[in-house]
Amino acid sequence: MKIVHTADWHIGKKLHKHDLGEDFDLFIDWLTEFIEIDKVDLLLISGDIFDLANPSSEARRQYYRALVRLQKLNCKIIATGGNHDSPAMLDAPQEIMRALDLSIIGGLPQDLDEVIIPVKNKSGETELVVAAIPYLRDADLRSGEQVSNHEDRIEAIRLGIERVFTEAAAICQQKYPGIPAIAMGHLFTAGIESSESERDIQIGNLAAFRASQFGSYYEYLALGHIHKPQRVSAEKPVFYSGSPFPLSFSERSDEKRILLLDTDTNYEPESITIPSFRKLIKLSGNLSELELKLNSLEHNSSLKSLIEVDLVEEQYDAQKVYALDQLVDQFQTDGFEIVKQRVQFKNQIEGSSQLYDQDQQLEDLKPKDVFAELIATHQYSKDDQNEMMAAFDEILEDVQSGNNVI
């Protein structure tokens with residue numbers, strides 16, 4: 001049996017207000033073709049199907065379109081909810097999903113038997129059983145015991161997660177003895193590397209679950225939540241597939257993938273690289289360096305490349321901030337879009353007290369003297385300094401005369 005493990009689709013995601021819907025559609029085009037050519041029997045989607053608990057109508061349409069396309073391939077689909085997903089929204093069309101042989105577990109049901117899903121082979125025999133465990137919320141993990149401090153609460157959460165996976169394993173063993181089992185999960189495990197785009201879960205990720213607590217019954221753990229593809233050190237194969245395309249600039253260098261298992265061989269997955277549909281580019285440097293880099297860009301991706309610009313200068317200079325704004329506003333290179341700009345001045349003065357010695361009392365100084373000292377610390381021309389002083393005199397006069405200054 002061939003199995004594909006993916007997760008963290010985040011349908012409806014916007015990156016600095018730029019919609020990533022096209023990225024998702026291209027991923028589904030590629031995934032559909034891959035499943036059809038490789039004759040994949042089972043698709044696992046381990047949480048965070050949507051980016052928002054209340055996704056837009058367009059995001060929902062994309063979700064249903066994707067399921068319809070994938071379901072036509074005679075590939076069984078099992079999907080679980082993540083911390084971004086609304087359990088109620090995913091569970092609402094459950095009867096329709098079952099009729100289409102789609103298993104969608106939005107939230108942990110009261111009866112844990114409902115997350116245990118047998119998977120039949122082409123001969124109609126149960127060849128595999130999947131414990132489709134969704135993201136576990138506080139209400140799922142409460143044992144009724146009173147905890148006296150933060151550390152006890154963290155440990156109670158860890159034990160609650162362990163209890164769910166252990167009880168699910170026991171059900172698999174009782175109902176399907178001798179049948180290999182796989183578990184799905186959406187959580188933060190200890191020792192992994194995260195990115196900027198994951199939302200903290202289980203009290204700010206402090207309740208990092210130890211991989212040893214999954215036990216040894218499951219042949220494979222298909223995890224979601226962490227967007228950077230990686231393996232978790234454990235007795236059995238425990239993997240994060242990662243997100244199928246970059247969801248933040250911190251993921252711009254990640255090689256996105258799906259994981260392919262062939263149970264006829266073993267449960268060690270093969271990493272299948274997903275094509276890069278869009279480049280995320282981060283440029284940093286001084287003003288002249290940024291201008292050169294922006295003029296040297298070459299477009300070689302399917303979708304428009306998104307750019308973060310980071311201006312780094314030694315001394316504060318308001319004119320350079322204005323020049324960066326002009327550079328960004330006038331940038332119109334086909335195939336590229338600047339979605340964020342930042343400014344850093346290494347030696348920026350954050351307060352007027354930094355202009356003088358510690359023994360100098362600022363209340364003894366005149367406002368014009370403080371302003372003159374400030375602009376003297378920057379590399380303005382004499383003409384610019386004179387213009388700024390003249391403007392300051394006008395503002396100061398208005399303030400002292402009681403006029404409103406907007």
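The legends below accompany an overview and several close-up views of a predicted model.

Residues are numbered from 1 along each chain as its sequence is written. Because the model is predicted, local features need pLDDT of at least 70 and side-chain atom pairs count only at pLDDT 80 or more, whereas totals for chains, interfaces and linings use all residues, and side-chain values use heavy atoms, with hydrogens and water left out.

**Overview. The protein chain with its secondary structure.** The chain comes to 10 helices and 17 strands, where helices (H or I, at least four residues) and strands (E, at least two) are DSSP runs numbered from the N terminus. Of its 406 residues, 48% are buried; here buried means under 20% relative accessible area, exposed over 50% and partly exposed in between, with a 1.4 Å probe and protein chains only. Among contacts (heavy atoms within 4.5 Å) between residues at least 6 apart in sequence, 72% join residues at least 24 apart. The chain exposes about 20800 Å², of which carbon and sulfur atoms supply 45%, as computed by the Shrake-Rupley method with a 1.4 Å probe.

**Close-up 1. The aromatic pair of Y63 and Y64**. Rings of Phe, Tyr and Trp (its six-membered ring) pair if their centres lie within 6.5 Å, and planes under 30 degrees apart count as stacked, over 60 as edge-to-face and the rest as tilted. By this rule the count comes to 10 aromatic pairs. One of them joins Y63 and Y64, a tilted pair with 5.0 Å centre to centre and 50 degrees between the planes. Y63 is buried at 2% relative accessibility, while Y64, with a relative accessible area of 35%, is partly exposed.

**Close-up 2. Positive phi at D8**. D8, a residue other than glycine, has a positive phi near 55 degrees and lies in the loop between strand 1 (2–6) and strand 2 (14–15). With a relative accessible area of 0%, D8 is buried.

**Close-up 3. Positive phi at N74**. N74, also a residue other than glycine, has its phi near 60 degrees, and is found in the loop between helix 2 (57–71) and strand 5 (76–80). At 71% relative accessibility, N74 is exposed.

**Close-up 4. The cysteines C75 and C172**. C75 is buried at 5% relative accessibility, and C172 is buried at 0%. A search of the whole structure finds 0 disulfides, a disulfide being a pair of cysteine sulfur atoms within 2.5 Å.
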